[in-house]
Amino acid sequence: MAESVSAATAFANVFRRELAFAWRSLLVWLVPGMAMIGLTVSMQPEMSKEGSLFAEKLDMVPKEILVAFGVQGADFSEPASYLATNFTIYTLIGSVFAGILGATVLAKEEAFGTGEMLYTMPVSRRTVVLAKVAAGFVLVELFALGLAGAAFGTFAAIGVTLARPAVMAAMFVVAGALFAVMFALGLLITVRSARPRNATSAALGLIFGLYGLNVVGALSESLTAVRALSPFHYAEAARVIQTGGLPAGTLVLVAVALAAIGTACLLFERKDIHA
Amino acid sequence: MSTITLERLTKLYPGGRGVRDLDLTIERGEVFGFIGPNGAGKSTTLRTLLGLISPTAGRARILGLDARVDGPTVRARVGYLPSEPRLHDGMSVGAILAYLGRFFTPDSAARRRQLAEMMELDLSRRAEDLSIGNKKKVALVAALQHTPEVLLLDEPTSGLDPLIQARFFEVIQSERARGTTVFFSSHVMSEVERLCDRVAIIRDGRIVEMARMTELRARQFKQVRARLDPSDAAAELLGLAGVRDPVRDGERLSFVYQGDVKRLLGALAGAAVVDVTIEEPSLEEIVLSHYGKESRDG
């Protein structure tokens with residue numbers, strides 16, 4: 001008589017399958033991201049020479065705008081600080097990748113009807129969800145790692161010595177935490193949905209909404225408090241540069257990701273699977 | 001101990017659809033048919049048994065275990081064939097079956113290969129290239145590869161060509177011989193008739209009839225076709241209680257009879273009968289008569 005395998009074996013089975021399914025998607029997002037960051041970094045020596053010119057121009061921009069777009073305190077002569085001024089775009093790209101991944105990781109099984117076979121296997125839904133979440137986390141952290149590799153690698157290739165490599169590494173660690181939050185929020189807002197197209201739209205709306213919240217909060221003094229609601233606020237590279245390491249907000253990001261995953265698990269365990 | 005037990009199982013959806021107060025027991029080794037039109041509640045019942053959906057009230061038990069609470073333990077001993085199986089695109093048939101097989105121990109690779117051969121499945125083909133019938137064959141192998149004690153089959157032969165249907169019947173017969181309990185939903189009467197020991201008829205989410213196949217036929221009507229001497233009006237025969245829908249066409253007379261067979265034979269003996277055939281109704285006729293009766297009652 002057949003028996004169910006252990007939860008750990010079932011977890012590994014789903015985990016491997018998820019990684020095998022999603023690695024192409026990772027490459028589709030990561031390769032352009034790495035190319036962009038490599039290109040940006042390769043321009044640092046030139047930008048450093050013309051730093052004073054850019055600094056003068058940035059001084060003319062209102063401080064609120066600089067804060068809103070994360071370019072306050074720009075110092076193009078220092079590699080980490082230079083990268084920080086461009087970092088928002090990478091956190092946004094990574095967030096979109098992570099959010100879509102989170103939004104579709106469960107929804108696609110139901111929408112494509114494959115869930116009917118998966119969830120009739122002798123494994124608890126919690127194990128399936130945790131395996132999928134673990135695979136998703138690995139992928140979004142690989143995205144952050146890939147960007148970091150491209151940045152560090154390009155600086156090394158062009159012969160730039162990093163004065164504060166740990167600070168630059170911290171920027172990618174915080175970005176990784178932000179991606180984990182976006183993955184978890186994508187999962188949470190779509191856990192009751194069974195349509196991946198809707199799920200993707202909902203995730204994109206959430207991500208750009210949260211990003212907009214951070215920008216709007218920086219532009220108006222009366223709205224400053226709303227920035228606290230945006231995960232982007234805790235992941236600003238400028239904050240890492242100012243702190244000289246991991247800011248306390250990183251813990252907020254980790255806590256939000258864990259809370260969202262826990263809630264998604266509870267909701268999914270109670271969900272009726274129809275297809 | 002019964003293999004499958006439903007105790008006042010109820011699952012209601014907005015708009016009033018679903019199943020209500022289903023009571024059912026299926027014994028070990030039985031092949032049980034669940035008959036009804038689309039939307040009657042067959043799939044809802046099967047999905048509740050698998051823990052895919054939670055009942056609004058009542059309980060579903062398999063092998064003495066609660067389908068929802070003991071889900072993984074139950075499902076290790078159950079094979080399930082969905083009515084419209086969907087497979088992971090981008091994977092080969094062999095990879096899909098191996099992936100699903102890895103949820104069970106011991107390894108079922110040998111049986112998987114044997115079943116795939118029996119169903120003439122090409123394990124190297126990719127899921128997205130398969131026809132509906134071939135996808136169904138893959139799902140059937142997936143349902144059987146871990147040698148389950150209970151098989152839950154939802155419209156098992158829909159989409160299968162006649163040759164594969166015949167294979168499917170062979171597989172089910174061999175599972176029955178092995179002592180596997182089979183619970184399958186269908187609206188294809190011929191397969192239910194061919195395979196089942198007992199059937200339940202479900203209508204609008206309620207079980208309206210449950211009986212052994214033999215009982216169902218015996219207590220239901222007979223189709224009588226007689227050839228009579230044209231001069232015989234057959235008044236006594238047609239006046240017999242239980243005769244309905246008579247059609248007279250020259251020497252030919254046909255009618256439906258529901259009642260004591262001895263009285264029917266007596267009436268036939270008194271008529272100028274040249275030839276007669278008395279047939280058991282097909283399951284389809286029984287179900288249709290049941291639905292007709294319900295409609296008339298309703």
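**Close-up views of chains A and B**

**View 1. A strand pair links the two chains.** In β7(B), B:Phe104 is the bridge partner of A:Ser4. The model is predicted; local features need pLDDT of at least 70, side-chain atom pairs count only at pLDDT 80 or more, and totals for chains, interfaces and linings use all residues. Residues are numbered from 1 along each chain as its sequence is written, while chains are lettered from A and ligands numbered from 1 in the order in which they are written. β1(A) pairs with β7 (residues 104–105) of chain B in the antiparallel sense, over 2 bridges (pairing requires at least two DSSP bridges). Strands are DSSP E runs of at least two residues; helices are H or I runs of at least four, both numbered from the N terminus.

**View 2. The contact between chains A and B.** Chain A gives 21 residues and chain B gives 28 (contact: C-beta atoms, placed from the backbone, within 7 Å). On the chain A side, β1 (3–4), α1 (7–42) and α6 (115–118) each give two or more residues. α1(A) has the largest share, 3 residues.

**View 3. Helix α12 of chain A, residues 249–269.** Buried residues of α12(A) include A:Leu253, A:Val256 and A:Ile261 (buried: 20 or more other C-beta atoms within 10 Å of the residue's own; exposed: 12 or fewer; partly exposed in between; C-beta atoms placed from the backbone). The buried residues of α12(A) pack against α7, α8, α10 and α11 of chain A. Exposed residues on the face turned away include A:Leu251, A:Leu266 and A:Glu269.

Note on methods:
The expected span of a helix is 1.5 Å times one less than its number of residues. Two residues are in contact if their C-beta atoms, placed from the backbone, lie within 7 Å.
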